[in-house]
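Q: Could we go through this structure together, one topic at a time? I would like to begin with the strands.

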Amino acid sequence: MQGACVSILCVCICVSVLLRSAISQPPTESDTYTECTDGYHWDPQTEHCKDINECETIPDACKGEMKCFNHYGGYLCLPRSASVIPAPEPPITPAVTNPCPPGYEPQGDSCVDIDECERDEHDCQPSQQCINALGAYTCQCPDGYRKVGTECIDIDECRYRYCQHRCVNVPGSFSCQCEPGFQLAGNNRSCIDVNECDMGAPCSQRCYNTYGTFLCRCDQGYELGPDGFACNDIDECSYSSYLCQYQCVNEPGKFSCVCPEGYQLQGTRLCQDINECETGEHQCTDTQTCVNIHGRYQCVDANRCQDPYVQVSDNRCVCPVNKPVCRDLPFSIVHRYMSITSERSVPSDIFQIQATSVSPGAYNTFRIRSGDENGDFYIRQINNISAMLVLARAVSGPREYTLDLEMVSVNPLLSYQGSYQTSSALRLSIYVGPYTF
C-alpha cells in the first residue's frame, strides 16, 4: 500500500506542476485545492497528501480489548498483547520526472531496475529484511513473525499445540516445557520419562521408576517412613509375644529368638531342653545318677533306698516282710523323676500311675501318701488299675517336690478273717523349672 501512496503522490505533484505552468494568472482558493485518496488529506504547507491518524480522529476506532494502530491510509485494530514495531514516516522527496515505470530508472536508452534495498530507498522497518524484486521490493518479517499491513506481528506458536506438555510463547519464537518427571526429547517438543532411579532418587533402599515419577520400596523387615523415602526398621518383637518361645530380640531388618541357659534353639523360634545326661555335660559321680530336668540336670544317689528298705533294682526298693516295721509300710517303693515348667496352666494332668500287677478280686485305690502339704496336687482315679496325678495350682520354680503316691489293694478273697490289704508306693521327684514355656 505504501508503493501505491508514492505513485499517487507523484501524480498529485505532476498535476500541480502542470497547472502552475499552464495558468499564468494568480491562483484562486479553488485552484489550490488538490484531492487526495482515502486516508490522506492535503497539507497546504508541504503541498503533499498527508496520512490521517484515524486513531486520534475517530472516537472508539477499535472495540473491545483491541488497540488502535495508525497505518498509512488507514488503521489497524490488534490485540493489546501484540508486538508492533511502528513504521517511520515516509521521506518526502522532491518530485523528479522519470520516463521509466515505477521501480526503474533510465540508463541510456533503456530502463533498468532500481535496487531499493541496496540504495536504502525502501521503507522496511528495522526488524524487517528488504528483498529486491523487478520494479519493486518486499519487506520480510523475521522468523516467528507474520506481516499484517506494514507491521510484523508475533506468531503465537502455542496456539498450534507444537508442544506435548506445555508451551511458552516468546517474541518471535516459543519453547516447550515438560511436567515434573519428564524431560525434553531431541526434537525439543516431545517429553520423555526421566528415570529418577538412575539420577539419584532419594530412596534409602529400593527405587522403582514409573511413568513420570518413581516409587521407593523397602527390604523385608523395614517399612516406608512418612516422607516416602526413608526405610525404618520394623520392631517385629513389639507386634506379638508369640514370635519366639522364650525371648525375641529385634535386629535391623529382622528379629531372632534366643533361649535361656540349658536350652538350645530348635529351628528359628522354639527352645529345646539340652539333655546334659546324654551329652555328657554333667558332673555327676559314678555313685550318682544323672537326671535331666528343664534347663539343667540333677545328680541323685544311685541307691536311694532308706532303712528298712533294700534295693532290689536300679530304682526299686522293697521292705522285707520278715521285718515287723514293714507291716505298716508300703511293700515296695519305685523312684521316678520328672520336671515341669513354671506357671503351668491348671488343672493339668502331669503324671499317670499304672499298676504293674493286680491280684484277682483285688480293689485298688490311689492316694498321695506324703509330700503335698500345701495341696498343690491331687489324685484323679481313672479305673481300678490306674490314676492321674493332677497339678491343682500354678507353681513357680525353681522348686522341687517329692511325692509318695500310694496304691492300696484290698482283696477280700485272700483273707479268712477280714480283708487282706497291701500297698506299694511310687516316690516321684518333681522339679519345677524357672521358665514358663
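Predicted model: local features only at pLDDT ≥ 70, side-chain atom pairs only at ≥ 80, totals over all residues.

Q: How many bridges join strand S23 to S24?
A: Six bridges join strand S23, residues 288-293, to S24, and the two strands run antiparallel. Within this pair, Val-291 stands opposite Gln-298 in S24.

Q: What holds paired strands together in general?
A: Strands of a sheet pair through backbone hydrogen bonds, in either a parallel or an antiparallel manner.

Q: And the turn of that hairpin, what is in there?
A: There are two residues between the strands in the hairpin of S23 and S24, and Gly-295 takes a positive phi near 80 degrees there.

Q: Which residue has a positive phi in the hairpin of S19 and S20?
A: That residue is Gly-253, with a phi near 80 degrees, and this hairpin has two residues between the strands. Strand S19 (residues 247-251) and strand S20 (residues 254-258) are antiparallel and pair over five bridges. Cys-248 stands opposite Cys-257 in S20.

Q: Which residue other than glycine has a positive phi near 60 degrees?
A: Asn-188 has that value. Asn-188 sits in the loop between strand S13 (182-184) and strand S14 (191-193). For background, most residues other than glycine have a negative phi, and most peptide bonds are trans.

Q: S28 came up just now. What order do the strands take in its open sheet?
A: The open sheet has three strands in the order S28-S31-S30, with antiparallel pairing. Its edge strands are S28 and strand S30 (377-381), each of which pairs on one side only. On average, neighbouring strands of this sheet are turned by 30 degrees against each other, with direction ignored.

Q: How many bridges join S30 to S31?
A: Five bridges join S30 to strand S31, residues 386-391, and these strands run antiparallel. One example is Phe-377, whose bridge partner in S31 is Leu-391.

Q: New topic: how many disulfides does a search of the whole structure find?
A: The search finds 20 disulfides. One of them is formed by Cys-36 and Cys-49, whose sulfur atoms are 1.9 Å apart. The link of Cys-36 and Cys-49 is left-handed, with -90 degrees about the S-S bond.

Q: Which residues does the UniProt annotation "domain: EGF-like" cover?
A: According to the unreviewed UniProt entry, that annotation covers residues 113-153, 154-192 and 233-272. In residues 154-192, the end C-alpha atoms lie 29 Å apart, and the span is 0% helix and 41% strand. In residues 233-272, the end C-alpha atoms lie 29 Å apart, and the span is 0% helix and 45% strand.

Q: Last topic: what volume does the second largest pocket have?
A: The second largest pocket has a volume of about 1100 Å³. It is lined by 42 residues, and the closest to its centre are Phe-331, Ser-332, Thr-422, Ser-423 and Ser-424. Among the elements that give two or more residues to this lining are strand S27 (332-340) and strand S33 (420-432).

Q: And what classes of residue make up the lining of the second largest pocket?
A: By class, the lining has 21 nonpolar, 13 polar and eight charged residues.

Technical notes. Residues numbered from 1 in each chain as written. Heavy atoms only, no water. 1 Å grid on protein atoms, 1.4 Å probe; cavity = no way out; pocket = protein on both sides within 12 Å on 5 of 7 lines; lining within 4 Å. Points joined across faces, edges and corners; volume = space filled by probe spheres on them. Helix = DSSP H or I, 4+ residues; strand = E, 2+ residues; numbered from the N terminus. Nonpolar A, V, L, I, M, F, W, Y, C, P; charged D, E, K, R; others polar. Pairing = 2+ DSSP bridges. Axes fitted to C-alpha atoms, helices over the stretch in contact; angles between N-to-C directions. UniProt positions renumbered as here; feature names shortened; annotations may be inferred. Disulfide = S-S within 2.5 Å.
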